Each structure stands twice: as C-alpha cells, then as structure tokens.
Amino acid sequence: MSIRPLGHSPYPTITGLSARSRLLRYGVAVIAVGVATLLGLYLRPFSYTTPFLFFYPAVMIAVWIGGLKPGLLATVLASVSANFFFLAPYNAPSTDVANLLRTFFFGLTFASICWFADLARKNLHSEAIAAKELAEKTLAQFRANIDSMSEGLLVIGIDRKRLLANPAYFRIHGFDPKYSPDTISSLLERYDLNGRFLTQEEWSTSRALRGETVVQCYQRVRRIDTGTEVIVKNNATPVRDDSGNVIMAVVTVEDITAMKQAEESLRTSEKLAAVGRMAGTLAHEINNPLDAVNNLVYLLSQNLKLDEHGRECVQLLQKELERTQHIIANTLSFYRDSSSPVQVNLSQVLDSVLTLDARKIDGKRLQVIKRIDANLPVMGFPGELRQVFLNLVSNAIEATPDGGKLRIDIFRSRQWQKEEVQGVRVVIADNGHGISPENRSKLFQPLFTTKGEQGTGLGLWVSQGIVRKHQGEIRLRSTTRFGRSGTCFSVFLPIELPETKQKKTTDAKLAS
Ligand code: ADP
Ligand code: MG
C-alpha cells in the first residue's frame, strides 16, 4: 500500500491495474512481429529452415500484453511476414501450395493459442480486480473509522512529513487541512502544563521519531485559527521496519480542555467549601467569647458611675456588638443547612443578605428599595438560597456606581414555561454598568468573571445549580446603553418542591 503525503485527501489511494491504452496494445503487436522479422532476416539462412520460429514469442508477447485482438493481428502479420520473407521464393509472396498450407496451419495454431492465452489472462485479471475492490472497500471502511474518531490521529514520516491525519486532528489544532505539512509545524506553538514553551525536539512526535514510546503526555497547544489554548493528551508510538529502524510515528491526540476545566472548577469549589467550613468553625468559636463580652458590656451599661460620654461609648459598643452577633449568626446559618427542605421566608433571607452586605452598601451610599408583595414561604434549603441571593446582591453592588440604586422585589408569580406551577419571584435590579451581549452567553459558565483576581466566576454558576435544584428558574435582562444601563436578575422558586408535594399526597392517602 502506498501512502501519499497530504493533499486535499489525506488518505492513501490504490493505483495501477488501469486499462492499457489501445495504441500501446496494438503497437506492441506490430513491434513484436517487426522485431521477429528483423531477427529472422539477420539470422538467415537459419530462419529459412525454421521460418516461424521467431514469430512464436512475438505472438505470445502480443497476446499477453494486448489481449485477443492484438494477438490475432500479430498472428496475421507474422503469417504474412513468414510467408513473404522466409518461405521460397524468398522476399516475395509464396504461391506454393505446401507453403500456403504451412502458413495457414501456423495461423490456425496461433489463433487458438491467442484465444486460450486471452482466457487465462482474463481470469488472472478478474482476480486482480476482485482484490482491488476488496482493498478499496477495506480502505473506505478504515477511512470512515478514522474520520469518525473523536481523537486526532497523525501518521508522520521520518522526514517529518505528515502521511496521514484525520479530521479530528485538524479540528483540535484549528487548522485548515489544505496547509502543507511544513507550514503547519512552523505555525504550531506547544507548551507544557506549566506554560514552558516546548521546542520541536520536545514534541511527542519528535520523541517518537527518535524511537521513544510516549504515553499520556499533556500539553497546551495554541490553536491556529482562534489563537486560544487547548489542553491535549498525546500518545505517540514509533513504527519500525524489519531491521528495527524507525520509519514513521503514529500519534493520537485527545482534547481534554473541558475535562481539565471541570476538574479545576471542582477543585476551586472544594477549596471554597473548605474555606466555608473554616469560616463556620471560626464563627462558632467567636460566638462563645462574644456572649461573654455581651454580658460584660451589659454589666458596664448598668454602672451608674459612668458619665455621659462613657454611656454613649457603651451604647455604641452594644450596637456594634449586636451587629457582629448578627453577622456571626448569619455566617453560621450558611453552613448549618438542613438536610431536607424546610419552609423559607425569602423576605427574611434577603434581609440577612442585606445585613451581610450593609458595609458595602453604606460605603457606596446605595439607595436600596425593597418591595414585598407576597410574604408566602417557599420550600427549600435556606442556607443555599441565602448563598444565591448574597451572590446576586453582591454582584449588583459591585456593578453599581456610588450613589446608585438597588431594587429588590418579591412577589407571587407563576413559572414561565409551566403556568400551573405557583411560586415566588425575587427580582434584583441595579442601575450598574450592565452586561455586554457577548458576555451574557458566558455568564453561567464556571470560572467566567470580568473581575480579574477579585472574582471567582463561580457565583452565578453555583447559583444556577442551586436554583435548578429547587426546580426554579433564573433569568436576566441587561443593557449597557449609556445613561440607561443596568441589570435585572429574576429568580423564580416554586412554593412546593415536587418531592414534598408527592410526599404530602401519599401522607394524605395513608391518613385517610
Ligand atoms: P464573580 O462575581 O466572581 O465575577 P459571578 O459568577 O458571580 O462571578 O459573575 C460572573 C460575571 O457576571 C461577573 O464577573 C460580572 O461580569 C457579571 N455580572 C454578574 N452580575 C452582574 C451585574 N448585576 N451587573 C453587571 N455584571 C454582572
Ligand atoms: Mg459574584
């Protein structure tokens, strides 16, 4: 099998066995008879005694190369030539009956030989055609298989020319299959996972060409079309000839960017969970001495010997202490979430969120407008729901300029898609800078942030997960239009979770 270097089709093709041209087939017949005649003329008078000797191989060659018709042509030409040159009278047509009969029998014998030889030739030819068809079918199957692979496949020769590459290989690296092999190698940039630039000598392909088997080699590759980086897993194996010399290398490439990102976000959320647990423990530890401080401040406030200024200080101390206790209580409630859904008052949840964010709101002198139309509880996990609203409110505060507005509306509503599902909708709106259309589609992806080091990019992703867990929906509207910019997040939560509803009906059935 011949393997072609890349052109438009990156696959090998089967060539040969094509029909020979008519000119060649008949030409061979004429030339063979001509050569036999010349040989006979040269070897006179030997050819006068055996006049047909040199025409035997000539006709055989003609029939083998050209087939039946050129064979018959050679037979006729040979009969005429033998009769004319090598039968008496020499160099003139022979009219002698015996000679004419000899010529006739020569012709007859060779016509029959032509027929048999052609049959044998056709037989062989049809076997070759069948073999070719089988090879083409196998090749088509092989091609379909490697075309459908999600892994990239590359076969590279010892001269670093690509012999074969499948569509996934091009897709992963983001280049056009029409590029010549040399251009591609000079365009690609590879790095190890720590961002160190890899020279061509360090590529898995080069290592395999030096005889090394490369297993699970992780690299970052800069895509040629978009310039973005993808993380790939390469395996490369050298292919050797019978004497053990490396003649080519086979490389498989798997794009594991999404997997690595998911791993990374899992690690970050695990880190956040650990930080959260630590915050919970700290809050718990601080709570006890805080109680003691509270009692002491109370005793101090009862001290009648305090002058006016002392009393003012103690009052201030009490107020600040109360605030600290409130924050600690809120922090604790984050991490002491119930294991099954309970009734949650969303208005209270938002109050506690605003308390946690009070310093930021005061710092920016934001105007908070809170409107509660429905005070009905929903079923859910209070700690998780607090996390959702804390993130939405914090995002709104961070996006709003000093003196901006933050509006919180809570009202009874129905689900967008399923009208029959009743619930509560919480709308958090701000008049901040808004979200650009290209960022809007990436908002709920893990790790998407426009806040650089300050952001985690996990807030909305986690929030969406929690809202979905509550069978709710989260939507947004936003505009960046100058003077009218702002963002409005709307969260719908059903009054009852389907499981609790089901449980209630079964309980009711059991009771009746
Ligand atoms: P983080 O706050 O850590 O950046 P989030 O998932 O909470 O992560 O938010 C992702 C991005 O969404 C933010 O970086 C910000 O660009 C954008 N965003 C979210 N809420 C708002 C908002 N109210 N106004 C403008 N941009 C917002
Ligand atoms: Mg956030």
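Predicted model: local features only at pLDDT ≥ 70, side-chain atom pairs only at ≥ 80, totals over all residues.
Local features need pLDDT of at least 70 and side-chain atom pairs pLDDT 80 or more, while totals for chains, interfaces and linings use all residues. Residues are numbered from 1 along each chain as its sequence is written, chains are lettered from A and ligands numbered from 1 in the order written, and side-chain values use heavy atoms, with hydrogens and water left out.

Ligand 1 has 21 residues around it, and Thr 449, Thr 450, Lys 451, Thr 456 and Leu 460 come nearest; a residue is near if one of its heavy atoms lies within 4 Å. By class, this shell holds eight nonpolar, 11 polar and two charged residues. Here Ala, Val, Leu, Ile, Met, Phe, Trp, Tyr, Cys and Pro count as nonpolar, Asp, Glu, Lys and Arg as charged, and the others, Gly among them, as polar. Helix H13 (382–399), helix H15 (459–469) and strand E13 (486–494) each supply at least two residues of the shell, and H13 gives the largest share, four residues. Helices (H or I, at least four residues) and strands (E, at least two) are DSSP runs, numbered from the N terminus.

Oxygen atoms of ligand 1 also pair up with polar protein atoms. A polar side-chain atom of Thr 450 sits 2.4 Å from one ligand oxygen, a backbone N or O atom of Leu 460 lies 2.8 Å from an oxygen, and a polar backbone atom of Gly 457 is 2.9 Å from an oxygen. Taken alone, ligand 1 exposes 540 Å², and the protein buries 95% of that (Shrake-Rupley method, 1.4 Å probe).

Over in helix H11 (residues 346–356), the buried residues are Leu 346, Ser 347, Val 349, Leu 350, Ser 352, Val 353 and Leu 354. Buried means under 20% relative accessible area, exposed over 50%, and partly exposed in between (1.4 Å probe, protein chains only).

Most residues other than glycine have a negative phi, and most peptide bonds are trans. A cis peptide bond, though, joins Arg 44 and Pro 45, with omega about 5°; Pro 45 is in the loop between helix H1 (22–42) and helix H2 (46–49). Another cis bond joins Ala 88 and Pro 89, with omega about -5°. Arg 160, not a glycine, has a positive phi of about 70°, and is partly exposed at 28% relative accessible area. Gln 216, in strand E4 (residues 214–222), has a positive phi of about 45°.

Key
Polar contact = N/O pair within 3.5 Å; in protein donor to acceptor, adjacent residues only side chain to side chain.
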